[in-house]
Amino acid sequence: MPPLLYLFALTNLVIGTGAFVLSGVIKLASEGLGVSVAAAGQAMTAYAFASAFLAPVLMVLTGKWARKRALQAALLLYGLGCLLCALAPNLSTLLLGRIMMGTGAMFTPLAAGLTVAMVPPQMRARALALSFLGIGMSYAIGLPIGTWLGFHVDWRAPLWLVTACCALALLASSVLLPTNIEAPGASFAGLGALMRHTGVLRVLVRSLLYFMAIFSVFAFVGPVLQALNPLSANALSATLVMFGLAGVIGTFLGGWSADRFGPVPTLGFNLGILCTMMALVPLTQDHYLLCVTVFIVWGLAGFALMAPQQSRLAHLMPMHTPLLLSLNASMMYIGTAMGAAISGAVLDTIGFEKLAWVGLPLALLALTTVWWDRRA
């Protein structure tokens, strides 16, 4: 694998940690800013919608730039946004910083486009899995460390850590990335053709559906686990770490399987497992070991979907890969926000322990899109 992919993986660890670390200390942040938890939670929504709508626009605006310069701009914007969040005296400033971070998160699809350009097609899914490894690692490493810092130092401490790591990533990218990386930039040219391509639309809809399904639970994962099996703070952190490690392994397995058996069979297999685990989650109440097992298998299957999804897009329309990967990231972030909103709307009616059944129909709909891919 090209050595630059390891740089992309480590940088995505920083991006992923910055994206999710506030969720672990959101109550502390609300107290520090003097607002309600619900109001502070808007910081997660602001990031998601900036990543979904502003990041693709910025990708197009920088589409004719040298790829190294575009990556540097993304990291600079992300780091400045995180710095603004760390210094935020009020909620409005925090939201502005989160919008800057979400827009700067275009680094991830930019890096994915370069990854596709640097390897032959038969290695594409494994290369994407390596590049995206940092996103899975952020659950296993970044989120637990950030949460620990928030509770033992201050809620701003994990933001300062992410800011420092982002500065290091920017420095490393400036030194290690060659100036003349050859890869196409994103452009709105051909967007109409993309939106008329039924195969592309199926992949994008599938990303939207399965992220809505997953985050109907994981937007409230701490309370869900506590409702199923009351846990101490350390036990809860350990459970989340195990899930994150399963995600790291699943990322690799998804890439290997997509290259070995093809993206569509890999997607069908893992979506089937995901649906099964979501059906089982409420049945694990008062059975901690069974609950942990189900969530570990969920992590393996859920993260194994990312590489074959992106590999499928790159295969369908190779010349539009950067824009397609950005649109796919948009679907993921929109799905994250919509999944949380749907669960939040029915939470008082069904309780935390049954939230997985809210997302199950969405996961089953995602699975049906694979059947259409197989027919095509």
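**Exercise 1. Classify Arg-126 by its accessibility and identify its salt-bridge partner.**

Step 1. Arg-126 has a relative accessible area of 35% and is therefore partly exposed; buried means under 20%, exposed over 50%, and partly exposed in between, with a 1.4 Å probe and protein chains only. The model is predicted, so that local features need pLDDT of at least 70 and side-chain atom pairs pLDDT 80 or more, whereas totals for chains, interfaces and linings use all residues. Residues are numbered from 1 along each chain as its sequence is written, and side-chain values use heavy atoms, leaving out hydrogens and water.

Step 2. The partner is Asp-259, with the closest N and O atoms 2.8 Å apart. A salt bridge is a side-chain nitrogen of Lys or Arg within 4 Å of a carboxyl oxygen of Asp or Glu.

Step 3. Asp-259 lies in helix H14 (residues 233-261) and Arg-126 in helix H8 (residues 124-131), so the pair links parts of the chain 133 residues apart. Helices are DSSP runs (H or I, at least four residues), numbered from the N terminus.

Step 4. Asp-259 is also partly exposed, because its relative accessibility is 22%.

**Exercise 2. Determine which residues form a network with Asp-373 through salt bridges that share partners.**

Step 1. Arg-206 and Asp-373 meet in a salt bridge at 2.8 Å, N to O. Arg-206 lies in helix H12 (residues 198-218) and Asp-373 in helix H19 (residues 355-375), so this pair ties together parts 167 residues apart in sequence.

Step 2. Asp-373 also meets Arg-312, at 3.8 Å, N to O. This pair links helix H19 with helix H17 (residues 306-316), over 61 residues.

Step 3. Asp-373 is buried, with a relative accessible area of 4%, and Arg-312 is buried at 13%.

Step 4. Salt bridges with shared partners join Arg-202, Arg-206, Arg-312 and Asp-373 into one network.

**Exercise 3. State which residues form the nonpolar patch on the surface, and which helix gives its largest share.**

Step 1. The patch consists of Phe-49, Phe-53, Leu-54 and Ile-99, with about 340 Å² of accessible area together. Patch residues have over 30% relative accessible area and no salt bridge; like charges are joined within 9 Å, and nonpolar side chains (Val, Leu, Ile, Met, Phe, Trp, Tyr) within 5 Å. Accessible areas come from the Shrake-Rupley method with a 1.4 Å probe, and for residues only the protein chains shown count as cover.

Step 2. Helix H4 (residues 42-61) contributes the largest share, three residues.

Step 3. Phe-49 is in helix H4 and is partly exposed, with a relative accessible area of 36%.

Definitions and conventions. Helices (H or I, at least four residues) and strands (E, at least two) are DSSP runs, numbered from the N terminus.
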